[in-house]
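Trainee: I would like to go through this model and ask what stands behind each label. Please set the values against the cut-offs.

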There are 2 protein chains.
Amino acid sequence: MTCSANSYTPGMGRWQSGAGERLERAALELFLEQGFDATTVPQITARAGLTTRTFFRHYADKREVVFGGVDFIQAFVVSKVASAPAFVTPMEAVARAYQEVGANFQENIEVFRQRQRVIDATLELQARELGKLAVIASAIAGALRERDVTVESATLAAELGTLVFRITFERWLTGHGLHDWPSLFREQLNEAGAVMAGSL
Amino acid sequence: MTCSANSYTPGMGRWQSGAGERLERAALELFLEQGFDATTVPQITARAGLTTRTFFRHYADKREVVFGGVDFIQAFVVSKVASAPAFVTPMEAVARAYQEVGANFQENIEVFRQRQRVIDATLELQARELGKLAVIASAIAGALRERDVTVESATLAAELGTLVFRITFERWLTGHGLHDWPSLFREQLNEAGAVMAGSL
């Protein structure tokens, strides 16, 4: 997986500037103004002042513009899981990665909110987001398997962590980003553990 | 939600016979023989010896033929959660429902396996299945909210239970149905709790 120029980079605390970001911003504006279906790639590139050739160097199609950040999250989380200290449990390795990936989400909250409004209005994008999350979980499970975790535990830790990430993200966004991501993620993880323990 | 004639009925221990089931079997055969994209509704109805009019009384489109059982699972699980005794925790209410819904899966394992081969070969159906599971989780959360569970706990119990259902189903199917569903579901739930506890 490569991180394109629009990747969100927690270490830098902002979306990198450049063609990828300009295309993303232009696309989200147009999707919100006139709908996802009605928006074409030439319209996006015209708004961004770039060529369609540049567009297709960054994104496979107009749906992918919405998911550049998700691809980055996958690369970041998988790499963190792979490099977690050996003594860390599978679940804790996943939890630390998801906790860290959102540390600077706050600085991009306006883009996240625009993006969410686009997804909420478009069934096709909702399905694609679920698919992307499934791919992330599967990639994390693969990274855990490299750490000699059983396939069962790897799958569960990856799926549980990704579920808590999704729920935390929804709550963070609807709370208008007022919550501190790392604390909110840990709180949701603890709450999930408490709810789960209710059946044991 | 209505349960169409092809709904899987655990109480009866078999898929009900009738037009819905004939259409489902014909569709799965054709999807496996010639692919999902290449199969048309008239081909399905010709194979089943029924009219397209009958088809559209049972299913909105050819994708839906694959998900008749999922719609039934949703209706069953939501109704079980809604009628669980008041003293039962949210997670346990969800767990009991998912444990019970699969009690007779074994009798339909060949249809489940055919169906899984079709889904595994078709990205569009994989996305739709994830969407269906998200809808089930949301419906369960709604049923829990009616029991005066907080929205946070309702969401977590519904999502966690649905995740364990999905993982159990995969393991059950790849284990060729040799596992007893209720035991396997409970085992996966306990394992999920143990994995989760690794981060607390």
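Trainee: What makes the pair Arg47(A) and Glu33(A) a salt bridge?

Mentor: This is a predicted model, and in it the side chains of Arg47(A) and Glu33(A) come to 2.8 Å, N to O. The cut-off for a salt bridge is 4 Å between a side-chain nitrogen of Lys or Arg and a carboxyl oxygen of Asp or Glu, so the pair qualifies. Arg47(A) belongs to helix 2 (residues 41-48) of chain A and Glu33(A) to helix 1 (residues 19-34) of chain A, so the bridge ties together parts that are 14 residues apart in sequence.

Trainee: Why is Glu33(A) called exposed, and what is Arg47(A) called?

Mentor: Exposed means over 50% relative accessible area. Glu33(A) has 53% relative accessibility and therefore counts as exposed. Arg47(A) has a relative accessible area of 37%, so the label is partly exposed.

Trainee: Which residue forms a salt bridge with Arg186(A)?

Mentor: That is Glu92(A), with the closest N and O atoms 3.1 Å apart. Arg186(A) is in helix 9 (residues 181-197) of chain A and Glu92(A) in helix 5 of chain A, so this pair ties together parts that are 94 residues apart in sequence.

Trainee: Is Glu92(A) buried or exposed?

Mentor: Buried means under 20%. Glu92(A) is at 12% relative accessibility, so Glu92(A) counts as buried.

Trainee: Why is Arg115(A) called buried?

Mentor: The relative accessible area of Arg115(A) is 7%, so the label is buried. Leaving aside neighbours within four places in sequence, Arg115(A) is in contact with Leu28(A), Val66(A), Phe67(A), Val70(A) and Glu129(A).

Trainee: What makes Arg115(A) and Glu129(A) a salt bridge?

Mentor: Their side chains meet at 2.9 Å, N to O, and the limit is 4 Å. Arg115(A) lies in helix 6 of chain A and Glu129(A) in helix 7 of chain A, so parts 14 residues apart in sequence are tied together.

Trainee: How much area do chain B and chain A bury between them?

Mentor: About 2,700 Å², 73% of it on carbon and sulfur atoms. Leu156(B), Val195(B) and Met196(B) supply 22% of the area that chain B buries against chain A, more than any other three residues. The contact takes 30 residues from chain B and 30 residues from chain A.

Trainee: What rotation and shift superpose chain B on chain A?

Mentor: A rotation of 180° with 0.0 Å of shift along its axis does so, with RMSD 0.0 Å. That is the relation of a two-fold axis. In chain B, the C-alpha nearest the axis is that of Ala127(B), 2.8 Å from it. The same surface serves both copies, as 100% of the contact residues of chain B recur in chain A.

Trainee: What stands out in the phi of Asp148(A)?

Mentor: Phi of Asp148(A) is near 65°, a positive value in a residue other than glycine. Asp148(A) sits in the loop between helix 7 (123-145) and helix 8 (151-174) of chain A. At 75% relative accessibility, Asp148(A) is over the 50% cut-off and so counts as exposed. Phi of Asp148(B) is also near 65°, and Asp148(B) is exposed, with a relative accessible area of 73%.

Definitions and conventions. Residues are numbered from 1 along each chain as its sequence is written. Chains are lettered from A and ligands numbered from 1 in the order in which they are written. This is a predicted model: local features need pLDDT of at least 70, side-chain atom pairs count only at pLDDT 80 or more; totals for chains, interfaces and linings use all residues. Side-chain values use heavy atoms; hydrogens and water are left out. Contact means heavy atoms within 4.5 Å. Buried area is the accessible area (1.4 Å probe) that two parts lose on being put together, summed over both. Copies are superposed by least squares on the C-alpha atoms of residues with pLDDT of at least 70 in both. Helices (H or I, at least four residues) and strands (E, at least two) are DSSP runs, numbered from the N terminus. Buried means under 20% relative accessible area, exposed over 50%, partly exposed in between (1.4 Å probe, protein chains only).
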